Amino acid sequence: MTAAQIQRIHHSWRLLKAVDPAIVGDVFYSRLFLLYPRLRGMFPKKMEDQHQKLIDMLSHMVARLDQPDQLAQEVQAMGARHLGYGVKPEHYAMIGEALLWTLEKGLGHDWTPETAEAWTACYDLIARKMMEAAAA
Ligand code: HEM
């Protein structure tokens, strides 16, 4: 990822953090389960904790985009944990689709083509590292 892309992600994430994480998490998982209802059964009945965990983890990763070595280690560990949750490589595109949609709706006019490109590159990088770790 380029420095400009990292900056765009930091900026847009700051804007989105003004919204209650419970709402962002709810929008994300609602979109995910509407698009792919079969994924619902992989998650707990009560999703409140999961909303917070997802937002916290995204914040953590966004904050470390300019420390790629540390980020890579953490993302790899997360990929290995996700193997244990029954996550398969084909699931990553589904999560990515719901995540980018949520960011687009949440950011409104601030969702520019450049921001979309930066987030796509960021998600692809993280998803690829998680999948590599799961496959290893
Ligand atoms: C960038 C991609 C992703 C991020 C940032 C992310 C984040 C998280 C976090 C923070 C947790 C809490 C537990 C932990 O840290 O290990 C978690 C759990 C989980 N994630 Fe993900 N995840 C991602 C991709 C996926 C994908 C592709 C799936 C496939 C459907 C998935 C399904 C799950 C499931 C089933 C759990 C366990 C829920 C439970 O039983 O409590 N995640 N995820």
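**Notes on the predicted helical model and its ligand shell**

1. Let's start with H6: this helix has 23 residues and reaches 32 Å from its first C-alpha to its last, close to the 33 Å expected at 1.5 Å a residue. The expected span here is 1.5 Å times one less than the number of residues. Helices are DSSP runs of H or I with at least four residues, numbered from the N terminus.

2. Some housekeeping. This is a predicted model, where local features need pLDDT of at least 70 and side-chain atom pairs count only at pLDDT 80 or more, while totals for chains, interfaces and linings use all residues. Residues are numbered from 1 along each chain as its sequence is written.

3. Back to H6, and its buried side. Ala118, Trp119, Cys122, Ile126 and Met130 of H6 are buried (20 or more other C-beta atoms within 10 Å of the residue's own; 12 or fewer is exposed, in between is partly exposed, with C-beta atoms placed from the backbone). An α-helix has 3.6 residues a turn, so residues three or four places apart point the same way. The cover over the buried residues of H6 includes helix H1 (3-16), H3, H4 and H5. Aspartate 124 also belongs to H6, but it is partly exposed, because it has 14 other C-beta atoms within 10 Å.

4. Now the ligand. The shell around it has 19 residues, and Met57, Arg81, Tyr85, His91 and Ile95 come nearest (a residue is near if its C-beta atom, placed from the backbone, lies within 6 Å). Helices H3 (48-63), H4 (68-84), H5 (91-107) and H6 (113-135) each give two or more residues to this shell. H3 gives the most, with five. By type, the shell has 14 nonpolar, three polar and two charged residues. For that tally, Ala, Val, Leu, Ile, Met, Phe, Trp, Tyr, Cys and Pro are nonpolar, Asp, Glu, Lys and Arg are charged, and the others, Gly among them, are polar.

5. How do H2 and H3 pack? Helix H2 (residues 21-35) meets H3 at an angle of about 100°, with the axes 8 Å apart. So H2 is roughly perpendicular to H3 (65 to 115 degrees; under 35 is roughly parallel, over 145 roughly antiparallel, the rest oblique). Axes are lines fitted to C-alpha atoms, for helices over the stretch in contact, and angles run from 0 to 180 degrees between N-to-C directions. On the H2 side the contact includes Pro21, Val24 and Phe28, and on the H3 side His51, Leu54 and Ile55 are among the residues. Contact requires C-beta atoms, placed from the backbone, within 7 Å.

6. H4 and what follows. The 17 residues of H4 should span 24 Å at 1.5 Å a residue, and the end C-alpha atoms are 25 Å apart, which agrees. Just after H4, glycine 86 takes a positive phi of about 85°. Lysine 88 sits in the loop between H4 and H5 and is exposed, with 10 other C-beta atoms within 10 Å.

7. Methionine 42 lies in the loop between H2 and H3 and touches Tyr85 and Gly86, leaving aside residues up to four places away in sequence. Valine 19 lies in the loop between H1 and H2.

Definitions and conventions:
Two residues are in contact if their C-beta atoms, placed from the backbone, lie within 7 Å.
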